[in-house]
Amino acid sequence: MISRVKPNTLKTMLSTLKIFIYWSMANPVREKEELCFYLARFLESEENGFKIYNKIYVEDLDEEIEYLEIDVAPKENSTIDKDKVIIEEYLRFTNQDLFTTFDLNKNIKAYNSTKKFAKGYDYGLKMGKISQSVFLNEESLIPKRNKTVKNDIKAFPYQLYERLLEIARPRERLIYLLSGSCSARISQALNLTLYDIDYDRKMVWLIDPNTNNQLGCTGIGRKLFLKENYNIDTSQDKAHINFGFKAPIPLHFKKRAHLFWVSTRYKELFFSTLPKYSFLPESSRLPRHPFFFITKTGKRLSTQQVNTIFKKHCEVLKEEFPEYSIQLDNLGLHSLRHMFGTIMATIQAHLILDKNNISNITPEHIKIITQEAMGHKNIASTNIYFNRPWSLDIQLGEFLTEIYTQTINDFSKIKRGNPDGYRFTK
């Protein structure tokens, strides 16, 4: 169990189990109460928040003094769902009879969603039906609290994107530009190095540090490059192990394609912001490393640190634009990637209804380039953005009208020359 998770994930799991154990000491099992119902009671307490007090005898005062042992603030439904899974796994791991009395089906759905990440899957190796009946967990009797529409996404409102970039400091502005204008995941953006930016040609690459498949600007496999020049192994070293990458971006990375910008406007803003971002030189960092986004002391900037700053910026935007308060609630940095997909779908909708369009770009081209830019192997992932009714917001306004014009022009240039590894056919 421990060997399969990263240190930060393990820390979260242990914190959840600690809270559950504290709560259980203050809340005894009721008569004939099944363990699953007891767990449901705990999750309900998490939803409302709770405090647990303890007492200690002070000999000098000759009395018991009550003190606060633990204070748990109300949690969001998505967090409660994660806690539920952690505790259920722990109870199964310790051979507790959680759902055995209910004769539940095996959780085939969860297995199907995770098997593609298992070793041997690419070779067609997978668990047979007999093995599934033996090794798979049962379906949970406790339903998920975070019930959302299938394929629902929470995109940052593109109407506020310009203002977000204005209030951000250079370092965060660069990250927001990579996420919102290039569809980079935060883990990918934080793996940018000093050698992934071509200032002359104004190109940017994001390279997976755990493989040698992507060459990017340097022409050297990133894993080999880090090991030979910095003695860094991102799969082992504590300072780098928590930075994932997930999947290549853009999709056809072997052609050394650089990042695609939703508009040249934002590419220009990115390169004009670079000189304003002051950071500790590589030679002054201890230990030495080439990663671009760092703290004042030279350590790598973490996902948690960027998320905290992003949420503060969202609070500022809520005050300035109260009509967007609900839409800004509980947004994370991934909402900027979703915004990219939303903008592309909106541009496609506008293109369909643009009677004055004289370019050689079709709506299908928009979808294909979106798949390429976002690194989606399966077009179904891209269709999530294009099949949503609310994406047909053709009243673009001044902001998206300018982007629409620039994007169509950029697409036309790519289609004519196709110099950067992008494709327009399936």
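Q: What kind of model is it, and which pLDDT limits apply?
A: The model is predicted: local features need pLDDT of at least 70, side-chain atom pairs count only at pLDDT 80 or more, and totals for chains, interfaces and linings use all residues. Residues are numbered from 1 along each chain as its sequence is written, and side-chain values use heavy atoms, with hydrogens and water left out.

Q: How do they divide into nonpolar, polar and charged?
A: The contact of helix 1 with helix 2 has 6 nonpolar, 2 polar and 2 charged residues. Nonpolar means Ala, Val, Leu, Ile, Met, Phe, Trp, Tyr, Cys and Pro; charged means Asp, Glu, Lys and Arg; the others, Gly among them, are polar.

Q: Next, the strands. How many bridges join strand 1 to strand 2?
A: 9 bridges, and the two strands run antiparallel. Strand 1 is residues 50-58 and strand 2 is residues 63-72. Two strands pair if DSSP finds at least two bridges between them. K55 stands opposite E66 in strand 2.

Q: What does D62 do in the hairpin?
A: D62 takes a positive phi near 55°. The hairpin has 4 residues between the strands.

Q: Switching topic. How many salt bridges?
A: The count is 13. A salt bridge is a side-chain nitrogen of Lys or Arg within 4 Å of a carboxyl oxygen of Asp or Glu. E46, K75 and D83 are linked in a network of them.

Q: What about D196 and R222?
A: They form a salt bridge, with the closest N and O atoms 2.7 Å apart. D196 is in the loop between helix 8 and strand 3 and R222 is in helix 9, so the pair ties together parts 26 residues apart in sequence.

Q: Buried or exposed, those two?
A: Both D196 and R222 are buried. Buried means under 20% relative accessible area, exposed over 50%, partly exposed in between (1.4 Å probe, protein chains only).

Q: Which side chain does E315 meet in a salt bridge?
A: K318, at 3.2 Å, N to O. Both lie in helix 11, 3 residues apart, about one turn of the helix. K318 is buried at 15%; E315 is partly exposed at 43%.

Q: And D329?
A: D329 meets K318 in a salt bridge at 2.5 Å, N to O. D329 is partly exposed, at 31% relative accessibility.
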